[in-house]
Amino acid sequence: MTLWEYLKNKMHPFADRVAFVRSQVTYADLLRLEHAPSGQRKLRLCESDTREKHALDILRCIAEGDIAVPITSEYGEQQCEEIRWLIQESSEDISDLAFVIFTSGTTGKPKGVMLTHENICTALEYISTYFRLECARRICIARPLVHIAVLVGELLYALCNGMAIHFYEEAFMPRRLKSYCIANGIEVLCATPTLYRLLARANSDGKLLIKIGAISGEPLNAQEAREITSAFPDTAFYNVYGLTEHSPRVSALLPSEFRNRPCSVGKPIGNVRLRIWDGELLVSSPCVMKGYFADADATRNKLRGGWLHTGDRAHFDGDGFLYIDGRIDGMLIRGGINVYPEEIEAAASSIVGVDECIVSGEVSDSGTAILLRYTGDISSNELRKALMRKLNPHVLPDRIERVQGIAHTPSGKKVR
């Protein structure tokens, strides 16, 4: 079954409903996007100046039998040009592909993740086993569709459930997004921990009521979870984990456990199998990508022995719940000691007076220095004293700097 055939079957019962609220596009309109395949499937760049137009462009592409390659100007013109060149010059086998999703890294050659129709259809089925939307009708999509978590976990899954979709087209500003959600009666909102924490601080009056929230994209620490649940006490929160190479969803923590184990990303969904080897999380399921576009070496490095090597450090607790401890490739080595930025960030985030923080390494002739940058009211000296009470001496930052703001990617992840 192709992805479009799968979506048609799911959308058909909702033909009389509005799908995209701003333009009043109905599900019947979406079902009419289909055209007879030309017989020659091709890679098709999908780029638009609004998220709603982008969604229509992507859906039209797969309805017409082509392979969608979503891109955005937020990547920067250089990366967009590299992607255009790659898909024009490659002779990659694309016969079973639904999407090629390029990562938005700031350095090096972009990696295109090849996802098949089976990958995406299976992912949607797996998401349906835990993400319950029967009690809600209106979802807000506030992040770019070039991110697989948004494209599959929000847009396509919302269409499978007959949701009325609102696209937030502005840059992320907590108070503006709050006002937008209130004005449109938004019931479902998915975001990173960073974005939800900022939105929580803008919701001190409790006027924004979200029925269902899904948190993904970054590890959620205990302090963030406390702030978020305090600001949204009646929201059913899911903490979910996935990666582009897995279409994306791997595991989910259900609302019934969110307040008890907020730092966990739950248990594997569907028929996903997990194992930890040398501290790294490995995944096996029908959702694992076909490979990296025109990059056989990277594919062989990522897919080994039937397992997807995630690059994430992880562990299970005694009850089988999964925890993501950080990136293996984000590990810093100082004086022969392994230092994980997430450990320092979690400690700093728990200190009153710290709004946001980010840890990075600075390499010089004398070795690696650990830099902690943060926003908030607390002084750097007071923050250092507080960290000395929380951290082992070997992971204390060499420098602590208060800054005006911390950069984020278009999906809301902090940039190291």
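Colleague: What do the buried residues of α9 pack against?
Modeller: They pack against α8 (193–202), β10 (212–215), β11 (236–242), α10 (255–258) and α12 (341–349). Packing here rests on contact, meaning heavy atoms within 4.5 Å. The helices (H or I, at least four residues) and strands (E, at least two) are DSSP runs numbered from the N terminus.

Colleague: Before we go on, what am I looking at?
Modeller: This is a predicted model, where local features need pLDDT of at least 70 and side-chain atom pairs count only at pLDDT 80 or more, while totals for chains, interfaces and linings use all residues. Residues are numbered from 1 along each chain as its sequence is written, and side-chain values use heavy atoms, leaving out hydrogens and water.

Colleague: Thanks! How many residues of helix α9 are buried?
Modeller: In α9 (residues 222–231), 7 of the 10 residues are buried, so the helix is largely enclosed by the rest of the structure. Buried means under 20% relative accessible area, exposed over 50%, and partly exposed in between (1.4 Å probe, protein chains only).

Colleague: Which ones are they in α9?
Modeller: Look for Q223, E224, A225, E227, I228, T229 and A231.

Colleague: And what caps the N-terminal end of α9?
Modeller: That is N221, with a side-chain oxygen 3.1 Å from the backbone nitrogen of Q223.

Colleague: You said α9 packs against α12. How many residues of α12 are buried?
Modeller: The count is 7 of the 9 residues, so α12 is also largely enclosed by the rest of the structure. You can pick out P341, E342, I344, E345, A347, A348 and S349 as its buried residues.

Colleague: New topic: where is K414 found?
Modeller: K414 sits in the segment after β24 (399–402). With a relative accessible area of 17%, K414 is buried.

Colleague: How far apart are the C-alpha atoms of K414 and E227?
Modeller: They are separated by 18 Å, and the two residues are 187 residues apart along the chain.

Colleague: So what is K414 in contact with?
Modeller: Leaving aside neighbours within four places in sequence, K414 is in contact with T194, E218, E356, C357, I358, I406, A407 and H408.

Colleague: Let's do aromatics. How do rings pair?
Modeller: Rings of Phe, Tyr and Trp (its six-membered ring) pair if their centres lie within 6.5 Å; planes under 30 degrees apart count as stacked, over 60 as edge-to-face and the rest as tilted. By this rule there are 12 aromatic pairs. Among them is the edge-to-face pair of F20 and F167, at 5.2 Å centre to centre with 85 degrees between the planes.

Colleague: Which parts does the pair of F20 and F167 tie together?
Modeller: F20 lies in strand β1 (residues 18–20) and F167 in strand β8 (residues 164–167), so the pair links parts that are 147 residues apart in sequence. Both F20 and F167 are buried.

Colleague: What about F131 and Y157, how are those rings arranged?
Modeller: F131 and Y157 are stacked, 5.7 Å centre to centre and 20 degrees between the planes. F131 lies in the loop between α5 (117–128) and β7 (138–141), while Y157 is in helix α6 (residues 148–160), so this pair joins parts that are 26 residues apart in sequence.

Colleague: Is F131 buried or exposed?
Modeller: F131 is buried, with a relative accessible area of 4%, and Y157 counts as buried at 4% relative accessibility.

Note on methods: Polar contact = N/O pair within 3.5 Å; in protein donor to acceptor, adjacent residues only side chain to side chain.
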